[in-house]
Amino acid sequence: MRYSRTRPGTMYLGSTAVCCDEAMKLITCLGILAFTYLNKKRKDDGSGSYTQLNSSNTNDDDIESDIVDKEDEQNKTEIKAQHESFIDYLKDELQFDFRMAGLAGLYTVQKNLLYVAVSNLDAAVFQVTYQAKILTTALFSVLLLKRRLSSQKMIGLFILFVGVATVQLDKVEANASKSHQEQHRMIGVLAVLGACCTSGFGGVYFELVLKPQATSNPRPPPSVWAKNVQLSMFAFIIAFIAAYLKDGHAIMTEGFFQGYSPLVVLVITFEAMGGLVVAVVIKYADNILKSFATAVSIVTSTIVSAYVFDFHVSQLFITGCGLVFLAIGMYSRKEEAEPKTATSPARKKQPLPQQMSDIAMVSGSSGAEGTLNSRKVNIV
């Protein structure tokens, strides 16, 4: 992205790139859902039968009635799955919530700020400074969710602040990479800090609005792809309107795709696929692996910047990076287990969802009612 924003000639508009980014994510996620639907239809076509539950060990009429109702419901679900159209499947899978438009608006602002930031900051400096989103996420979690931070996390956040500040102290213009476009370091710093704030608030907003709905809704939560369809659809509409409000004159005179090239298309593809990969990492990996990936990305950006942009790595920059690595490790490391307290078995089986700050999805379990029902049958 930095390379595409420093080349000579007509510069492409970041606002239109955000539109294309969201459109690409929307098409990709819809394609994945379509593939899932076809795969599900193929499996359901050969599985029309169901297994009848055995209730001969009990004389309780309520239990027998409950079992029969469940058999009928299961049979109806299988018949519905065999004749369900893709549109019906999509509606059932998405579980549309228009409050996601607020989150999409925040992420649209964030992406536009990222294009401004990377246009005015070196890629390595941008990568390190952008890690301040951990600090803003923690701050909004304390203010809005009344969450308490342990002493270990507090120390990690302080070290993170010192590390980012140390990198920003390296203001010597001789260390900055050359650009054929006009750039202002202060504008870049303010833009990346604004992106950190929208990222932190967006994550907390999602948890604040959708987490109660997820815990009270008996239906299983939407998949990561369904959630991204909602986000991308709202974000595309908002980004399209914002593009014409911000760069309407340039779009009308020079065209929507002015300055586009195969390199710009590649950048947009990286941005779109990168957002989906982050979602998968959060769902299937843990914070330790995510932190390791963050450290690798910073190191990679620094090395590539040194060779491609002739970026001079100073001692101050290396010190700041080391502090950021230490802070991310401290903040992500699992703390010692708290003393065990007397809790019911049912509650132990349903741990609360962990932090959902980087991706718009709810990961939960629908086993509460099943657990209670099975215990009822066993007691009888």
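This is a predicted model: local features need pLDDT of at least 70, side-chain atom pairs count only at pLDDT 80 or more; totals for chains, interfaces and linings use all residues.

Q: Why is the pair of Tyr-37 and Phe-86 called edge-to-face?
A: The ring centres of Tyr-37 and Phe-86 are 5.4 Å apart and the planes meet at 65°, so the pair is edge-to-face.

Q: Which parts of the chain does this pair tie together?
A: Tyr-37 belongs to helix 1 (residues 14-44) and Phe-86 to helix 3 (residues 86-94), so the pair ties together parts 49 residues apart in sequence. Helices (H or I, at least four residues) and strands (E, at least two) are DSSP runs, numbered from the N terminus.

Q: Are Tyr-37 and Phe-86 buried, partly exposed or exposed?
A: Buried means under 20% relative accessible area, exposed over 50%, and partly exposed in between (1.4 Å probe, protein chains only). Tyr-37 has 11% relative accessibility and therefore counts as buried. Phe-86 has a relative accessible area of 27%, so Phe-86 is partly exposed.

Q: Which residues do ring pairs link into a cluster?
A: The cluster consists of Tyr-12, Tyr-115, Phe-236, Phe-240, Tyr-244, Phe-256, Phe-257 and Tyr-260.

Q: Where is Phe-256 placed, and why is Phe-256 called buried or exposed?
A: Phe-256 is in the loop between helix 9 (224-254) and helix 10 (262-284). Its relative accessibility is 17%, so Phe-256 counts as buried.

Q: With which residues is Phe-256 in contact?
A: Contact means heavy atoms within 4.5 Å. Leaving aside neighbours within four places in sequence, Phe-256 is in contact with Thr-16, Cys-19, Cys-20, Phe-240, Tyr-244 and Ile-251.

Q: What makes a charge sit over a ring, and where is this found?
A: The requirement is that NZ of Lys or CZ of Arg is within 6 Å of the ring centre and within 35 degrees of the ring normal. The charged end of Arg-5 sits over the ring of Tyr-12, 4.7 Å from its centre. Likewise, the charged end of Lys-153 sits over the ring of Tyr-331, 4.4 Å from its centre.

Q: How do you know that the span of helix 7 agrees with its number of residues?
A: The expected span is 1.5 Å times one less than the number of residues. The 19 residues of helix 7 (residues 151-169) should span 27 Å, and the end C-alpha atoms are 27 Å apart, which agrees.

Q: What is stated about the phi of Lys-146, and why is Lys-146 called buried or exposed?
A: Lys-146 has a positive phi of about 55° although it is not a glycine. Most residues other than glycine have a negative phi. Lys-146 is in the loop between helix 6 (133-145) and helix 7. With 66% relative accessibility, Lys-146 counts as exposed.

Terms used:
Residues are numbered from 1 along each chain as its sequence is written. Side-chain values use heavy atoms; hydrogens and water are left out. Rings of Phe, Tyr and Trp (its six-membered ring) pair if their centres lie within 6.5 Å; planes under 30 degrees apart count as stacked, over 60 as edge-to-face and the rest as tilted.
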